[in-house]
Amino acid sequence: MENILRQKAKELLSSGEVKVVIGYGWNRAKTRTTPVFITDAADTDQLVWNPLCVNNLSVYLTRKFKDIQALGKPAIVAKGCDIRNIAVLISEAQIKREDVYIIGMACQGVVYKQELWQGELKPNIMPTKCHNCDVRDPHLSDFVAGEKADFTPPEEPVGMVFDKIRDLDSKSPSERWAFWVKEFSRCIKCYACRQVCSLCYCERCITEKNMPQWIETSAHPRGNLSWNLIRAMHLTGRCTFCGECERACPVNIPLNLVNQKMIMVVKDAFDFKSGYDEKAHPPMIVFSPDDKENFIK
Amino acid sequence: MNPARLSGRMKTVSMADRTLKKEDLGKLIDSVRAKGGRFVAPALLARQVVFRSVKSAEEVATGYILARNSFKEFLFPQTEVIAEFSMNKDSVGLKGVEVDAPETVVFGARPCEAASLKGLRTLFTWDFVDEFYTKREDKTVVITVGCTSGDEACFCTTVDLSPESTEGADVYLRETEDNGYTVKGLTEKGKKFLDTHDAVFTSGAAKERPLFKPETVPAVDLKRVSERLKDRAHYDDPVWAKLTMKCIGCGACTFVCPTCRCFDITDEGTAFEGERRKNWDSCQYDAFTLHASGHNPREHQPQRWRNRFMCKFNFYPEKFSSKGCVGCGRCIRVCPVRLDITEVMQEFSK
């Protein structure tokens, strides 16, 4: 599969169809994967594919990365889950479908965090998203590397995130409030969650708007709560549950719980799941006469 | 670094003053707390070992390589109030804030991170004495423990430090085979601390566990790095973009770094009443150097990365004769895109 990927990348660069291939390569010690930007057909052997390829590289397609955009048309190595983010970027007019070449990777799942890797992909080191994945055969791709996956997602979603959400839902509002205040209290306002997210593409984030300062920048309980809540709201109906924010969080805030809960709310209210159809707009930015509006009482 | 020189030095640190038995750590914590002090040690929080204020020995983590955070946040908090203001029809009120500087013991720091104190001190006393830092540091006793384990991100030996470096530490401990420690007072402050809590310690010989010494990163020459950075020619070198284009511009590396110390001043509250805060800031944010005019001298992420690298390997050593990087490897571990500073060091050693 790695060879098919490298061959395809070589073809695309040699023919000039794309100017850069955004993919995964090894770190120096070959213990972790890291994003690479291949611009020369002779370098395509640097590309790797394995269960350590966790990063959602679609972030590099956003306008936050002007240096990468300046290289010319990109090809991107993407898992089905990553392609869901690309679909949202297209639906929100951030990129045009024809301006990116998608090399979809048929995927058997990845590790939750690279540090957990001990040479074998076992279910207990995979994130919840992989256990319920319905895009192991990548959609929307220009080319698919690998064989069709022999996997059917369970009818009722399984995994730690869903267990924890059920647990939290069974609690009283004040207990839930206490839970989140405690979790957010660790936030160090490094904004890794925002930066690693391909759907947080605003050039000027609301936290940087300081006349007036809408969101307090201090990492005190009030500032942390307002930051994490505003981010959750801004991703509602858009987030694909790729899990990058939780992976990047240096203080282990369970952001997957926030995002998955919002996904469930949107599914209930609008029967919408983001990232499958690049022509469908996220429900929070469109008005539809069919909206239930049952929250108006 | 010459490995022979390093192993030679290693033998010199064995003359311990005292020993601390495993079961007596709780007594030390009690003894410090009984005098009104705060005892900061690596402890578990949300599946991570972090420096926290602890009340008992049970909370103190063992078998960790390095805490997720550096202990700098107990000297230079992530957010703190430095003044208060109020305003009404007749007057404007400005009020300074007393520095909250409790007696503090930092236990279980690693020799690498303790070496960051010199640089922090120099910076916070450079042209203005920032008492919010100095008063806290003055009241802090730093107890380091020589490392008996490490991981592939550790690179202290590459920046001329080692598990038995004592720079910045007041007391140096070595783990013993029976899970206790040998204890050596290094500074006046450290010796005084040991005398104050003398009843907790024991004497006698104990067998020390071997130290873990990370291998030096191959092909790194700090002198050469510094020379190349001094020459402005590197400024627009395409190699910066090549190495750091993947940086997503979060501040995680700077916030876990023991030597990073940039901050921002922000006012919170209403127009009539509020407080002025000193908050950690990061040179990796695009707004860090954004001018009011709209001009940004470091508009691209590789330029911001260049600045961080320059700060560590040129500005700090040149301007303050102190270490800008102590090789703890936190930035490598925490980076969501696995950008490895030692790979940049290798490139600039060429």
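Predicted model: local features only at pLDDT ≥ 70, side-chain atom pairs only at ≥ 80, totals over all residues.
How much accessible surface does chain A have, and what share of it belongs to carbon and sulfur atoms?

View 1. Residues are numbered from 1 along each chain as its sequence is written, chains are lettered from A and ligands numbered from 1 in the order written, and side-chain values use heavy atoms, without hydrogens or water. The accessible surface of chain A is about 14,000 Å², and 55% of that belongs to carbon and sulfur atoms (Shrake-Rupley method, 1.4 Å probe; for residues, only the protein chains shown count as cover).

**View 2. Inside chain A.** Of its 297 residues, 55% are buried, meaning under 20% relative accessible area (1.4 Å probe, protein chains only). You'll find 10 helices and 5 strands in chain A (DSSP runs: H or I, at least four residues, for helices; E, at least two, for strands; numbered from the N terminus).

**View 3. The largest nonpolar core.** A nonpolar core is a set of buried Ala, Val, Leu, Ile, Met, Phe, Trp, Tyr and Cys residues joined through side-chain atoms within 4.5 Å. Among the 145 residues here, Val21(A), Tyr60(A), Phe309(B) and Phe313(B) touch the most other members.

**View 4. Zooming in on Val21(A).** Skipping neighbours within four places in sequence, Val21(A) is in contact with residues including Ala9(A), Leu13(A), Phe37(A) and Val77(A); contact means heavy atoms within 4.5 Å.

Terms used: Buried < 20%, exposed > 50% of the residue type's maximum accessible area, 1.4 Å probe, protein only.
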